[in-house]
Amino acid sequence: MRFVKVDKVPGDRVRKRGEMRDLMEEFMKMNAKSVRIDDHGYKTSKLAYMAFRRAVERWVFPIDVRLRNDEVYLVRRDM
């Protein structure tokens, strides 16, 4: 048996509680019709898409989340 030192255990939460809501509010303040999300911190773009979509539904933002060519986009519906 051997032990290997690690600095961080995989599987920790990607976002802190309420951080997704703050990101959605920041996007709403940008006054942009659509944005692409780079460096989202999730393992795949599909996981990032699902997380952002859940956040939009949970906090009822007028935002559509799109997954195109393995990239995640946010599109405002109120503009």
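Exposed means over 50% relative accessible area, and I start from that cut-off because Glu 57, at 54%, counts as exposed. The model I am reading is a predicted one, and I keep that in mind throughout these entries.

**Entry 1, salt bridges.** I searched the whole structure for salt bridges and found five. Glu 57 is in one of them, its side chain meeting that of Arg 53 at 3.6 Å, N to O. Both residues belong to helix H2, where they stand four residues apart, about one turn of the helix.

**Entry 2, a bridge between separate parts.** I turned next to Asp 64 and Arg 77, whose side chains meet in a salt bridge of 3.0 Å, N to O. Asp 64 is in strand E2 (residues 63–68) while Arg 77 is in the segment after strand E3 (71–76), so this pair ties together parts that are 13 residues apart in sequence. Asp 64 is partly exposed at 22% relative accessibility, and Arg 77 is also listed as partly exposed, at 49%.

For Asp 78 I read a relative accessibility of 44%, which counts as partly exposed, whereas Arg 76 is buried, with a relative accessible area of 7%. Looking for salt bridges that share partners, I found Asp 64, Arg 66 and Arg 77 joined by them into one network.

Is Ser 45 buried or exposed? I find it buried, because its relative accessible area is 11% and the cut-off for buried is under 20%. Ser 45 lies in helix H2, which covers residues 45–59. I followed its side chain and saw that the side chain of Ser 45 reaches the backbone oxygen of Asp 70 at 2.9 Å. Setting aside neighbours within four places in sequence, I listed the residues in contact with Ser 45, and they are His 40, Leu 67, Asp 70, Glu 71 and Val 72.

How many aromatic pairs does a search of the whole structure find? My search of the whole structure returned zero aromatic pairs.

Notes: Residues numbered from 1 in each chain as written. Predicted model: local features only at pLDDT ≥ 70, side-chain atom pairs only at ≥ 80, totals over all residues. Heavy atoms only, no water. Phe/Tyr/Trp six-rings, centres within 6.5 Å; stacked < 30°, edge-to-face > 60°. Buried < 20%, exposed > 50% of the residue type's maximum accessible area, 1.4 Å probe, protein only. Polar contact = N/O pair within 3.5 Å; in protein donor to acceptor, adjacent residues only side chain to side chain. Contact = heavy atoms within 4.5 Å. Salt bridge = Lys/Arg side-chain N within 4 Å of Asp/Glu carboxyl O.
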